[in-house]
Amino acid sequence: MLVSWTANTNTNTGTPPMLALLCMLFLASDPPITIGIPADRQVFQRSENGKTEVPVRVVAPSAIGRMVATVQRASTDSGTDSAPNVLARAELAKTKDGGPGSTSAFEASVTLPDGGWYRIAVSVDGIAGPVEIAHVDRFGVGEVFVVAGQSNSTNYGEERTPSMDDRVSAFDGKHWTLAADPMPGVQDTSAGGSPWPACGKALVEAWNVPVAFASCGYGGTSIRQWQKLASPLEGQKLPLYSALSKRVKALGRMRAILWHQGESDADGGVSTDEYVEKFRALQGDLRKDTGVEMPWVVAHVSYVPGLEAAKMDPIRAAQAQLWKDGVALRGPDTDDMLGALRHSQDKIHFSKSGLVEHAKRWAERLIELFPKKP
């Protein structure tokens with residue numbers, strides 16, 4: 001027989017220690033109770049009105065009793081109704097019944113203000129009052145960005161950038177982690193540096209909300225290889241487009257896709273018209289297949305060491321045309337980042353100082369495009 005307590009009782013709830021011990025012994029054979037959503041370090045894209053509906057999903061034994069989710073600011077331990085840090089509370093409802101002796105899905109939603117970190121706890125009714133059975137210590141409501149393109153969007157920088165702010169997360173398609181190089185989730189095997197930990201720090205400081213990056217670029221790729229019908233790259237199971245689509249679907253809502261790509265197309269002699277056409281096709285297919293509406297922020301990027309301007313100019317013209325036509329928002333210009341800002345060996349990727357400047361330019365553009373809400 002299942003009762004309304006579980007093995008991972010939190011003694012901060014006020015439950016007597018002996019009662020908690022009896023609960024643990026009684027339920028030792030029960031399936032574990034887990035919070036699937038929100039995950040630790042997950043960031044939900046904030047809404048325009050400052051109040052965001054956040055889903056809650058718990059997997060628990062099918063016969064469990066009433067469960068309540070409570071969200072608090074993560075900086076305090078108080079869990080009482082009268083505590084000013086209690087932001088939301090909701091009763092979970094069974095949405096998928098696994099049947100007797102198995103687990104079921106229980107869901108709810110809570111409306112939260114911008115910010116974080118927040119802590120969510122799930123409790124059940126015990127003899128002495130609510131008993132906490134599961135919790136997630138850190139999640140937030142802020143700004144979420146998907147990053148795509150080629151190597152200067154992934155981890156090809158000369159030196160890795162460590163985590164620079166605890167409120168900057170990374171999402172690899174399945175897991176949420178602290179943002180630090182090498183950024184997880186990229187489709188290539190790059191393991192060097194990126195601009196995103198430093199860019200995230202600047203954005204957090206400007207907006208005072210958590211920020212997340214979902215990086216899924218691949219070095220050396222052309223816009224042709226990002227098309228929906230393109231074949232997988234050698235050694236890859238999925239086409240680039242499929243992985244990008246999966247990442248967008250997994251997130252559901254985001255602020256924008258950050259597109260840093262163009263060097264390969266300059267080197268390959270792609271025309272302005274073809275680049276614009278291929279970008280529009282990629283954007284349209286992704287919108288149709290995911291059902292997610294989001295702006296794209298397109299960087300001005302075409303630089304290849306030793307390549308004549310006559311090949312780089314058409315790509316720059318294409319990116320400018322996308323901005324002019326309202327197809328994309330204007331991102332930073334990185335073509336003039338030369339000399340000491342480039343990798344000491346290959347001259348196309350960025351050095352340590354180059355990554356600092358790259359991060360600064362992206363942050364400045366994003367802050368200008370998406371100013372802090374009141």
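Is Glu364 buried, partly exposed or exposed, and what is its relative accessible area? Glu364 is partly exposed, with a relative accessible area of 43%; buried means under 20%, exposed over 50% and partly exposed in between, with a 1.4 Å probe and protein chains only.

1. Basis of the note. This is a predicted model, in which local features need pLDDT of at least 70 and side-chain atom pairs count only at pLDDT 80 or more, while totals for chains, interfaces and linings use all residues. Residues are numbered from 1 along each chain as its sequence is written, and side-chain values use heavy atoms, with hydrogens and water left out.

2. Overall composition. The chain has 7 helices and 15 strands, taken as DSSP runs numbered from the N terminus (helices H or I, at least four residues; strands E, at least two). Of its 374 residues, 53% are buried. Among contacts (heavy atoms within 4.5 Å) with a separation of 6 or more, 71% join residues 24 or more positions apart.

3. Salt bridges. The structure holds 24 salt bridges, each a side-chain nitrogen of Lys or Arg within 4 Å of a carboxyl oxygen of Asp or Glu. In helix α7, Lys360 and Glu364 lie 4 residues apart, about one turn of the helix, and their side chains meet at 2.9 Å, N to O. Lys360 is partly exposed at 43% relative accessibility.

4. A link across the sequence. Glu91 and Arg66 form a salt bridge of 3.2 Å, N to O. Glu91 belongs to strand β5 (residues 86–91) and Arg66 to the loop between β3 (51–61) and β4 (67–73), so the pair ties together parts 25 residues apart in sequence. A network of salt bridges links Arg46, Glu48, Asp114, Glu143 and Arg255.

5. Glu263, in helix α4 (residues 263–267), is buried yet has no salt bridge; Arg342, the nearest side chain of opposite charge, is 5.5 Å away. For charge, Lys and Arg count as positive and Asp and Glu as negative, with His and the chain ends not counted. Beyond neighbours within four places in sequence, the contacts of Glu263 include Gln150, Tyr303 and Ile348.

6. Helix packing. The axes of α2 (residues 196–207) and α7 (residues 352–369) come within 8 Å and cross at roughly 35°; axes are lines fitted to C-alpha atoms over the stretch in contact, with angles from 0 to 180 degrees between N-to-C directions. Residues making the contact include Trp196 and Leu203 of α2 and Trp362 and Leu366 of α7.
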